[in-house]
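The following note concerns the salt bridges of the structure shown below.

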Amino acid sequence: MSEIKLLEDLNKIAIMASETIKGYTPDQMREMASKYDSDEALAAVYASVSNKTGWIGHDIGEPENDEETNNRLKKELDEWWKLEKELYAEIVSRLQKENAEKGTTYITSGKGMWYIVKPFMKRNGFRDGAGWWVDEYGKR
């Protein structure tokens, strides 16, 4: 019998126990993002929106859903996904600007969105919780 090896550090896994930013609309989150200019605020809004998008995506196709529920969820997902891509574009723009100021180029080709924004998220207090953005220090 072979030795069992864990592939992940279990201390880094997060489980979402409830829907994130419940009660907020994409427009409200968009407005919130526009009020604050700091990288930390952008990271916090992006984390919330990204987690919300993931949560809704996981809900689509659940066995207890009827067709109407899945259609509603798909429409909701499209709205949140649009906002997530807007916030992502702003993060990438900031990363590219920083690198240009250093005389380097921030490479985005050949990487998934998650890995592209990860350095920005990390320096602003978020870590990868196995697919969810998690507040690294429990401050939020």
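1. Glutamate 31 pairs with lysine 35 in a salt bridge whose closest N and O atoms are 3.7 Å apart in this predicted model. The two residues, glutamate 31 and lysine 35, are four residues apart in helix α1, a separation of about one helical turn. Lysine 35 is exposed, at 58% relative accessibility, whereas glutamate 31 is partly exposed, at 46%.

2. Helix α1, which spans residues 26-35, also holds arginine 30 and aspartate 27, three residues apart and thus about one turn of the helix. Their side chains form a salt bridge with an N to O distance of 2.7 Å. Aspartate 27 counts as exposed because its relative accessibility, 55%, is over 50%. Arginine 30, with a relative accessible area of 26%, is partly exposed.

3. Which parts of the chain does the salt bridge between arginine 123 and aspartate 39 tie together? The N to O distance between these side chains is 3.6 Å. Arginine 123 belongs to helix α4 (residues 113-123) and aspartate 39 to helix α2 (residues 39-59), so the pair links parts that are 84 residues apart in sequence. Both partners are partly exposed: arginine 123 at 43% relative accessibility and aspartate 39 at 23%.

4. Arginine 123 and aspartate 39 also belong to one network, in which salt bridges with shared partners join Asp37, Asp39, Glu90, Arg94, Glu98 and Arg123.

5. For the structure as a whole, the count comes to 10 salt bridges.

How values were computed: Residues numbered from 1 in each chain as written. Predicted model: local features only at pLDDT ≥ 70, side-chain atom pairs only at ≥ 80, totals over all residues. Heavy atoms only, no water. Salt bridge = Lys/Arg side-chain N within 4 Å of Asp/Glu carboxyl O. Buried < 20%, exposed > 50% of the residue type's maximum accessible area, 1.4 Å probe, protein only.
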